[in-house]
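Visitor: I'm new to this one. Could you show it to me and let me ask how you know things?
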Amino acid sequence: MTDEPVPVARALYPSIAPRRSVSQQVAGYGLLSPAIVAIALLVIFPVGYSAWLSLTDTTLLSSKAHFVGLANYVDLVNSSEFRSALWNGVVYTVATTVLSVVLGVAFALLMNRNFIGRRWLSAIVILPYLIPSVATVLIFQWQLDPNYGIFNQILLDLHLIDAPVAWLGSPTLAMITVIMVSTWAFFPIVYIMVLARLQTIRPSLYAAARVDGANVFERFRYITLPQLRNVLILAVLLRSIWIFNSFDMIWLLTGGGPQGSTENLPVLVYKSVLLEQSLSKGAATAMMMFLILALFSVLYLLAFRRRRKSA
Amino acid sequence: MRSLRRHVGKVVYPLIALAATLVILFPAIYLVLTSLKPPYDVITIPPQILPSTLTLDNFKAFFGSGGLTTYIWNSLFVATCTAVLSTTIAVMAAYSLTHFEYRGKQLLSYLMLLTYMFPPILLAIPLFLVFAQLHLTDSYFGLILADTAFALPFCLWLLRDFFASNPRELEHAARIDGASALRTVVAVTLPLSLPGVAASLLFAFVLSWSDYLFAVLIVSRQSLFTLPLVISTLVGTFTTNWGMIIAAAAFMAIPPLVAALLLFKYLLKGFGVAADSG
């Protein structure tokens with residue numbers, strides 16, 4: 001490369017060097033381009049292609065696709081399968097998000113204090129989030145089994161139940177089980193977000209409150225909670241999007257059953273494409289999911305923005 | 001009185017925290033304990049929590065002939081390639097975003113975070129179709145590409161944070177001493193960001209290691225199966241060799257365990273930054 005001495009001013013880039021020089025632009029775009037190509041090809045293009053597919057009658061077998069307008073969407077909205085999957089998804093998402101927030105905040109508060117071994121304990125709590133979903137499902141299918149599962153045994157020993165429970169057997173129980181397992185796997189992200197925020201609260205705030213005679217509950221109510229408000233708003237939004245989109249856990253745990261009781265929209269998409277081989281129906285369902293999430297996100301953020309202004 | 005209470009707190013509090021962690025992690029702990037039981041003790045009625053004797057027999061079955069060695073290698077290969085590819089692309093992009101000024105920079109970095117909004121299943125269908133046409137289904141390369149797309153936004157975000165917080169003076173000093181731009185990157189920027197690069201590698205590795213959705217769509221030939229795929233086909237069949245499968249699940253949890261212990265610091269930092277700006 002160039003070994004000739006460079007002017008000092010230019011060497012001190014980018015603080016002194018002329019901004020947006022041609023070489024800066026070229027190098028900047030050049031280095032960024034693989035990322036742009038990857039994301040365009042693997043994210044933006046698929047979204048556009050899905051949108052197109054949802055307006056046609058493409059199947060896995062047909063070579064020719066016809067434009068059918070919004071027919072797929074009309075069919076979808078009129079189908080009981082779609083409406084029940086949407087409802088299941090909403091129940092699953094709301095319950096799992098609420099439980100994840102409760103558990104995540106509880107563990108964040110627990111770990112937000114100096115004690116021996118905190119470094120390792122606070123880190124290992126995120127393990128459930130990182131374990132592959134296939135392994136998580138395997139763990140729970142085996143440990144919740146009515147015959148040789150440890151959970152039933154523990155509940156029996158504690159006299160909380162009289163007979164072993166088939167956790168995935170009935171529609172209601174299966175939904176509860178799916179929510180429990182998903183909460184176990186997803187709460188650590190809420191935990192990390194809340195703990196990260198807790199660590200930025202200045203201790204002097206608590207000291208001042210203590211001087212003013214505030215007890216531990218008052219300190220939580222008037223210092224911790226208001227400080228957590230924004231991170232909780234964000235955590236609930238991101239978690240509900242993620243949980244609404246979650247596929248692996250439900251598909252592997254119940255396959256959407258029994259009797260479709262745990263079938264959410266991602267499972268419906270998967271079934272439409274791979275079992276019914278109807279790409280258009282799958283694409284239309286996925287687009288509906290995206291539209292629902294976009295609408296939800298906008299309304300959610302607007303609601304909190306307005307409240308913040310009026311507060 | 002007060003100091004006595006404080007001393008008790010010093011002992012009791014860690015114990016409470018430990019107990020809560022053990023309870024929440026119980027399913028994983030029980031998995032590890034069971035994987036160390038003799039094969040005939042794995043499934044008993046009623047179930048036992050503690051092993052009668054400790055043995056590695058289940059792991060021997062898992063690694064041995066008739067075991068799942070092929071799939072272990074497949075998973076290791078795909079996850080390693082994904083880690084290297086997505087981190088390389090993310091290093092370049094993060095360097096570009098932190099070291100150069102150009103039009104549209106802000107928009108581009110927002111666009112990359114936006115990609116997390118899309119349901120993965122929405123991306124998976126067209127990806128599957130396009131890959132089929134490009135003959136990328138049933139190939140490692142196709143799976144690596146898909147996993148890379150999945151891991152890239154987070155790796156980029158992580159590395160951008162690291163590059164931005166490096167003291168710029170060291171890079172300036174290297175340039176003044178006559179080092180070329182490339183040399184400065186290799187000798188100064190990257191070593192300073194080594195924890196970030198390692199975190200990005202580890203994160204992408206674990207993501208690919210765990211992936212089920214893309215794998216199940218892209219790979220259908222059994223010889224190319226990754227561990228999650230092969231395990232998912234083994235579970236629920238009645239001839240299940242539970243000892244081996246439980247050992248497999250315990251083995252699958254090792255990279256996540258390493259990642260949890262090593263990455264926690266960076267995740268905490270990254271989410272702290274994100275939560276502040278959000």
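Predicted model: local features only at pLDDT ≥ 70, side-chain atom pairs only at ≥ 80, totals over all residues.

Visitor: How do you know that the length of helix α6 of chain B fits a helix?
Guide: Let's count. α6(B) has 14 residues, and at 1.5 Å a residue they should span 20 Å; the end C-alpha atoms are 20 Å apart, so the two agree.

Visitor: What makes α6(B) mostly covered?
Guide: Buried means under 20% relative accessible area, and eleven of the 14 residues in α6(B) are buried. Among them are Pro120(B), Ile121(B), Phe128(B) and Phe131(B). Just after the helix, His135(B) takes a positive phi of about 55°.

Visitor: Which residues touch the most other members of the largest nonpolar core?
Guide: That core has 184 residues, and the ones you want are Met111(A), Tyr191(A), Phe62(B), Leu227(B) and Ile231(B). Helix α9 of chain A gives the most to this core, with 17 residues.

Visitor: How do you know what Tyr191(A) is in contact with?
Guide: Contact takes heavy atoms within 4.5 Å. Leaving aside neighbours within four places in sequence, Tyr191(A) is in contact with residues including Phe107(A), Met111(A), Val125(A) and, from chain B, Phe264(B).

Visitor: What makes up the lining of the second largest pocket?
Guide: The pocket has a volume of about 1400 Å³. Of its 25 lining residues, those closest to the centre are Asn112(A), Arg113(A), Arg210(A), Val216(A) and Arg219(A). By class, the lining has twelve nonpolar, five polar and eight charged residues.

Visitor: And which helix gives the most to that lining?
Guide: α1(B), with six residues. From chain A, α10 and α11 each supply at least two.

Conventions:
Residues numbered from 1 in each chain as written. Chains lettered and ligands numbered in written order. Heavy atoms only, no water. 1 Å grid on protein atoms, 1.4 Å probe; cavity = no way out; pocket = protein on both sides within 12 Å on 5 of 7 lines; lining within 4 Å. Points joined across faces, edges and corners; volume = space filled by probe spheres on them. Helix = DSSP H or I, 4+ residues; strand = E, 2+ residues; numbered from the N terminus. Nonpolar A, V, L, I, M, F, W, Y, C, P; charged D, E, K, R; others polar. Expected span 1.5 Å × (residues − 1). Buried < 20%, exposed > 50% of the residue type's maximum accessible area, 1.4 Å probe, protein only. Core = buried A, V, L, I, M, F, W, Y, C linked by side-chain atoms within 4.5 Å.
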